[in-house]
Amino acid sequence: MIEKEIVQDKTYFLQMKEHPWLSVASFVGIFLFWEMVSRMEWVPPLFLPSPSGILLEGWAMLKTGLIFKHILASLSRILWGFVIACSFGVAVGISIGFFSIPEAVGNPIIAATFPIPKIAILPLLILWLGIGEASKVAVIALGVFFPMVINVYTGVKNVDPLLIKAALSLGSNRARIIRKVILPSILPMVFAGMKLGIGIALLLVVAAEMVAADAGIGFMILTAADLMQTKKLMVGLIILSLLGIFFNWLFQKLERVFIPWKQ
Amino acid sequence: MKVLIDHISKTYVDRKGERTEALQDIHFAIEENEFVVVVGPSGCGKSTLLNIIAGLLSPTSGQVIFEGTRTNTKPHTAVVFQDFALFPWRTVLKNIVYGLEEKGLNKTEQSTIAEQFISMVGLRGFEKKYPHQLSGGMKQRVSIARALANDPLLLLMDEPFSALDAQTRTLMQYELSRIWEETQKSFLYITHNIQEAVFLGDRVVILSRRPGKVLSIMKIDLPRPRNEHLTVEKKYLEYVNAIWRYIKEQAWEALEEKT
Ligand SMILES: Nc1ncnc2c1ncn2[C@@H]1O[C@H](COP(=O)(O)OP(=O)(O)OP(=O)(O)O)[C@@H](O)[C@H]1O
Ligand SMILES: [Mg+2]
């Protein structure tokens with residue numbers, strides 16, 4: 001008997017379909033629902049203000065310019081801490097990854113200090129550096145340093161030894177190998193470290209500002225809560241979310257620019 | 001210039017202290033402008049030998065000596081690795097000038113030399129491409145151009161065409177033969193393909209299975225330039241058969257040992 005059977009693609013379920021409209025719809029849906037919940041006062045607005053109310057509050061804060069003071073204060077702390085942490089992280093990571101003596105010295109120190117939640121070090125840092133900017137920048141720097149150094153170290157350990165051999169055979173010395181082989185090889189890991197780090201930086205800046213500050217998003221959120229200004233508090237949360245999204249976007253763009261050999 | 005591979009032996013010792021004897025008393029010389037091919041069964045220590053000659057691995061005993069060189073020509077060797085070893089973050093052009101940067105040549109000198117080798121290996125128009133945008137054969141040509149651009153006294157090649165399909169491989173053999181005639185350098189070429197060895201070589205060093213020992217060194221007395229007509233000539237086939245007889249036993253023994 002002759003039968004006809006058309007071959008089916010058995011892997012069809014692996015092809016992830018994209019549902020852009022669903023993402024938008026669910027996002028909008030949640031906000032509409034939320035709006036309804038607070039408009040109908042199912043939950044008291046003091047506990048859950050409506051999205052439109054939050055937006056209006058944010059707009060008001062924008063117009064008075066008050067919000068910028070807080071954003072700038074937090075951003076400058078993040079920026080300083082981040083830049084310091086990344087520079088040290090890359091330098092230390094390369095040293096302990098590439099040279100045996102720094103590795104022997106550095107590894108146990110990092111292993112011992114890495115597990116300490118960085119926020120627990122803040123009181124000590126305040127004791128040492130005072131209540132001002134330095135201690136806040138330092139705690140952020142510490143928090144970002146560890147994921148960076150660990151990523152860079154792993155990156156250096158995973159550099160293709162064949163590429164190092166190729167560079168040696170073409171006349172590179174060790175310093176040139178670090179610059180021309182190790183550095184470009186670890187760039188993807190550096191970016192991964194930065195993406196991890198920015199989340200930690202946001203967390204720590206808020207925490208540090210809640211302990212002691214007179215400006216900053218963390219400070220703003222805390223004072224808003226004290227005064228039961230729930231809308232203002234929510235504005236703070238939205239700013240944090242936007243900052244996180246912005247930095248992720250920024251790093252993705254930078255990655256494209258700096259790593260053009262990866263499509 | 002002459003390169004003496006002077007009684008090289010190599011025993012690997014791994015972390016557990018287990019020893020693998022890879023090479024045993026390898027002794028031969030590479031003359032100026034000579035194309036020497038090393039053939040041997042898989043795992044006999046060919047790559048080990050190449051790395052030792054390139055100064056990328058220390059021998060357990062013996063030494064590699066370059067005679068009649070001037071120090072200002074360093075590095076003396078350049079390597080074409082089996083897996084290309086191109087820098088993925090560098091374009092074709094940037095890969096080729098890598099060694100020239102290390103020699104401290106200025107930008108114009110670099111690009112003049114690069115231009116020359118880019119046309120020699122037929123990669124015009126691909127200067128700005130990244131390695132991942134190239135086919136295997138093109139990558140291998142970049143790798144050859146990069147090595148040649150560095151103007152080594154001795155070019156070392158580790159099974160450079162083994163990842164290529166048969167047609168590309170044949171064409172690349174013709175190309176390499178032509179390039180060697182053009183550059184008049186010493187080449188050391190590693191392969192386990194006997195036809196390739198006879199087609200390319202002035203001399204073929206036949207290694208035994210592991211630990212690699214020199215079984216025989218055969219002078220290949222065939223006219224140059226070599227081209228496709230050669231591969232049907234009686235003399236060529238005789239050489240191929242003669243080497244095959246050496247290798248056959250070795251290959252059988254190795255196979256039996258494994259199973
Ligand atoms: N780093 C190493 N440590 C221990 N043993 C090794 C090491 N490198 C190679 N060997 C062993 O030495 C022997 C020779 O290896 P080598 O890579 O030189 O062989 P080869 O002739 O190039 O083989 P192929 O034709 O498959 O490329 C092999 O048996 C291999 O297992
Ligand atoms: Mg090999």
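Guide: α7(A) and α8(A) are oblique to each other, oblique being what remains once angles under 35 degrees (roughly parallel), over 145 (roughly antiparallel) and 65 to 115 (roughly perpendicular) are taken out. This is a predicted model, where local features need pLDDT of at least 70, side-chain atom pairs count only at pLDDT 80 or more, and totals for chains, interfaces and linings use all residues. Residues are numbered from 1 along each chain, chains are lettered from A in the order written, and side-chain values use heavy atoms without hydrogens or water.

Visitor: At what angle do the axes of α7(A) and α8(A) cross?

Guide: Roughly 140°, with the axes of α7 (residues 161-169) and α8 (residues 174-211) of chain A coming within 10 Å.

Visitor: Which residues make the contact?

Guide: L163(A), I164(A), A167(A) and L168(A) of α7(A) meet I177(A), V181(A) and I182(A) of α8(A), contact meaning heavy atoms within 4.5 Å.

Visitor: New topic: how many salt bridges are there over all chains?

Guide: 18 in the structure, each a side-chain nitrogen of Lys or Arg within 4 Å of a carboxyl oxygen of Asp or Glu. One of them joins R77(A) and E209(A) at 2.5 Å, N to O.

Visitor: Are R77(A) and E209(A) buried or exposed?

Guide: Both are buried (under 20% relative accessible area; exposed is over 50%, partly exposed in between, with a 1.4 Å probe and protein chains only).

Visitor: And which residues are linked in a network?

Guide: Salt bridges link R176(A), K180(A), R90(B), E101(B) and E102(B).

Key:
Axes are lines fitted to C-alpha atoms, for helices over the stretch in contact, and angles run from 0 to 180 degrees between N-to-C directions. Helices (H or I, at least four residues) and strands (E, at least two) are DSSP runs, numbered from the N terminus.
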